[in-house]
Each structure stands twice: as C-alpha cells, then as structure tokens.
Amino acid sequence: MAIHNKSHSNHALMSLNKMRKDKTFKQKTADDFVIPERVTILHSIMDCCEFLRTLPDNSIQLICVDPPYNLELAGWDIYDNYIEWASKWLDEAYRVLSPYGSMVIFGGIQFRDAKSGDILDIIQHVRHNTKFKLINTIIWHYKNGMSAHRYFANRHEEAIWLAKTNDYYFDLDSVRTPYTEEELKLALKDKRLNPENTKKGKNPTNVWEIGRLNGNSKERVGHPTQKPVAIIDRFVKALSYPGSVVVDFFAGSGTVGRVCIEEGRHCMMCDSDVESLRYFEQHIKNMAELGENTEYLSVDNVEQFYQSIDGE
Ligand SMILES: C[S@@+](CC[C@H](N)C(=O)[O-])C[C@H]1O[C@@H](n2cnc3c(N)ncnc32)[C@H](O)[C@@H]1O
C-alpha cells in the first residue's frame, strides 16, 4: 500500500513500533500518556477521498465521522449510488486506521420512502465487504424532538463503533458516570461487581441520553447538522488517548476539532465546503467565551501536521 511521504511513513512506523513493544497498550488509560502543551490542527477543504489518500497506512487512532446520508438536507447531501460512494471512504479509512484504533460513524435509520444510504446500509456493507469489526452500536437517545401523530415520535439516532483488530484502545474509566449514593451502596453489595471498578463509576452503556442542540443552543455555530460536544467528547475520551491523532473527514462545523483541543488530541479535519472554516472559527469563539483553552497550532497540509507532532 502506498505511503506518500517519507516523514509521514517515519511517524507512522515509529509510533507503531513503540506500541508493538508495549504489549499492554490496550490496557492503558489516559493517565499513562502526556497531554501535549498545544495540539496541532489541520483543517483541509477538499473531497474526503482525496484527503484520505494523503494519509499513511495504520496511522490514525480515531476516525469519527458524521457522513451525509442522501437526506437532501443541503447541497452536499446527494450521492447517486450511496454505498458505491461510501465504500471508497470506508476502504481508505480502514487503510489509515491504526491496529489499536477505532472508527465511529454516526447515522440514522430511514423508514418510509427509503432511498439508498443510512446506517443500516453502512452496517450491511461493512459486515459483508470489509474487515472492520463491529464493536458496538450506540443509541443516542434525546428527549427533545419533533412531534408525530401517525407513528411513535423518534427520539434516537445511532452511531456504530468499528475497529480494525481486537487490540483496540478503550479507556472505559475516562467515561464512567457517577453512581448516586444510594446506587453505590447497592452496587458495592453486589457480589458480581468488582468493587474497585464500582468506585470509579458506572459503565455508561450503549444507550446515551444527551440532548440534541436546540436552535437557540449556545453551542450552535450555524451548521445545519451540528453534533453536541458531549457526545463527541465521550467517543474521543474513550477511544483515543492524549497526544494521539483523531480524524474527521466530514468535519462540518468542526465539533471533533473543538473537542480535540479540549482533550489534548491532535486533529485532522476535512470538509468539501469552505464554510466549514467559518463554523470552526465560531466554535473557537464560543470556547473562548466559556473560558476554555483555545490554543492550538494550525498547519496547512499533512506534511506540516506530521512534522509538528513528530517533534514531541
Ligand atoms: C452531517 S455534516 C457533519 C456535521 C458535523 N458532525 C458537525 O458537528 O458539525 C456532513 C458534512 O460532510 C461534508 N461533505 C459532504 N460530502 C463530502 C465529501 N465528498 N468530502 C468531504 N466532505 C463532504 C458536508 O459539507 C457537511 O459539512
């Protein structure tokens, strides 16, 4: 498989060899890594496949994407043969993903008048035509949504978590949710549960209750399908580690980039729409208003990205 640039290949191989030596890598948690003083961000405006072709094999810890699904929500949401198109970025994503890495794909299920292209089509394709392993389906449950009279009002969307090998990194401790005092007392009496883990909090399960962004939400930056920070944050914390590389090649407003700055992960984003840059600026302004860290190094291309993080 092609590696397009020597410095890229060096970085990918160096980090891979470091991990190979360390047999317990998949048991590590965020505390085992150093948080970079300043993360590096690349935000490219181009087609996702063109962008992915510039990345080296086996080099990315987390790919977190929210693709278009032929819903005609905007001009970018129309692809004639959805799966034929999606298979191109799925194959590239598999190639660039680290053996310890994960890929998250958001999506919903289309019901009546289904056209090609929803998360079920993606799951079907991935199962039968790729080597990805399906680790979890996450149900994103929200209480706010449209009303309905001829069917039960929809209150969930899905995300799938895929991995390349069974050695994927997973830091459950970083995303455990606290027990109430009462629940903790009961859980500590439960002989089936390990008390050490119980004290750290609950497994958040694969049903996540996180509110959707209302029109007037302070998090909004203007993108029509912007995802809440809270949902992306849980994936970034659990499936990537401080100083690792996260990629979102359907960046939209750049919610993934925003979370990476907060959580100390380097991030490469790509979107075909130049407006993506403006939305991301608004995310940074929102972060500044909240007093959050907004420092990052912005680079112009993949080569500069790897040069910047190789220096660490
Ligand atoms: C569902 S939105 C992502 C929203 C994002 N999760 C957020 O929180 O803002 C999908 C994005 O994919 C972009 N897109 C569509 N086709 C693309 C392509 N071929 N290459 C790169 N980006 C593309 C669109 O411009 C759109 O911003």
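Guide: Helix 8 passes helix 9 in a right-handed crossing. The contact is made on one side by Thr255, Gly257, Arg258, Ile261 and Glu262 of helix 8, and on the other by Phe280, His283, Ile284, Asn286 and Met287 of helix 9. The model under discussion is a predicted one.

Visitor: How many residues of the contact of helix 8 with helix 9 are nonpolar, polar and charged?

Guide: The contact draws on residues of both helices, including Ile261 of helix 8 and Phe280 of helix 9. Sorted by type, its residues are four nonpolar, four polar and two charged.

Visitor: At what angle do helix 8 and helix 9 pack, and how far apart are their axes?

Guide: Two packed helices are described by the angle between their axes and the distance between the axes. For helix 8 (residues 255-263) and helix 9 (residues 275-289), the angle is about 35° and the axes are 9 Å apart.

Visitor: Is Arg258 buried or exposed?

Guide: Arg258 belongs to helix 8. Leaving out residues up to four places away in sequence, Arg258 touches Glu219, Val229, Phe280, His283, Asn286, Met287, Leu290 and Glu292. The cut-off for buried is under 20% relative accessible area. Arg258 has a relative accessible area of 3%, so this residue is buried.

Visitor: Which strands stand at the edges of the sheet?

Guide: Nine strands form an open sheet with mixed pairing, in the order 6-4-5-3-2-7-8-1-9. A strand with a single partner has one side left without a neighbour in the sheet, so the edges are strand 6 (207-209) and strand 9 (296-299).

Visitor: What does the twist average from one strand to the next?

Guide: The sheet is open and its strands follow the order 6-4-5-3-2-7-8-1-9. From one strand to the next, the twist averages 20°.

Visitor: Which residue is the bridge partner of Ile63 in strand 7?

Guide: Strand 2 (residues 60-65) pairs with strand 3 (residues 97-107) in the parallel sense over five bridges, and Cys64 stands opposite Val104 of strand 3. Strand 2 also pairs with strand 7 in the parallel sense, over two bridges. There the bridge partner of Ile63 is Val247.

Visitor: Which residues of strand 7 are buried on its two faces?

Guide: Strand 7 is parallel to strand 8, joined to it by four bridges, and Val246 stands opposite Cys267 of strand 8. Both faces of strand 7 are covered. The buried residues are Val245 and Val247 on one side, with Val246 and Asp248 on the other.

Visitor: How many of the residues of strand 1 are buried?

Guide: Strand 1 is joined to strand 8 by five bridges in the parallel sense, with His43 and Met269 as bridge partners. Strand 1 also pairs in the parallel sense with strand 9, over four bridges, where Thr40 stands opposite Leu297. Strand 1 is largely enclosed by the rest of the structure, because the buried residues number six of the seven.

Visitor: How far apart in space are Thr137 and Asn206?

Guide: Thr137 lies in strand 4 and is partly exposed, with a relative accessible area of 28%. Beyond its neighbours within four places in sequence, Thr137 is in contact with Glu158, Ala159, Ile160 and Asn206. Thr137 and Asn206 are 69 residues apart in sequence, whereas their C-alpha to C-alpha separation is 6.8 Å.

Technical notes:
Residues numbered from 1 in each chain as written. Predicted model: local features only at pLDDT ≥ 70, side-chain atom pairs only at ≥ 80, totals over all residues. Heavy atoms only, no water. Pairing = 2+ DSSP bridges. Axes fitted to C-alpha atoms, helices over the stretch in contact; angles between N-to-C directions. Left-handed = near helix turned anticlockwise from the far one by under 90°. Contact = heavy atoms within 4.5 Å. Nonpolar A, V, L, I, M, F, W, Y, C, P; charged D, E, K, R; others polar. Buried < 20%, exposed > 50% of the residue type's maximum accessible area, 1.4 Å probe, protein only.
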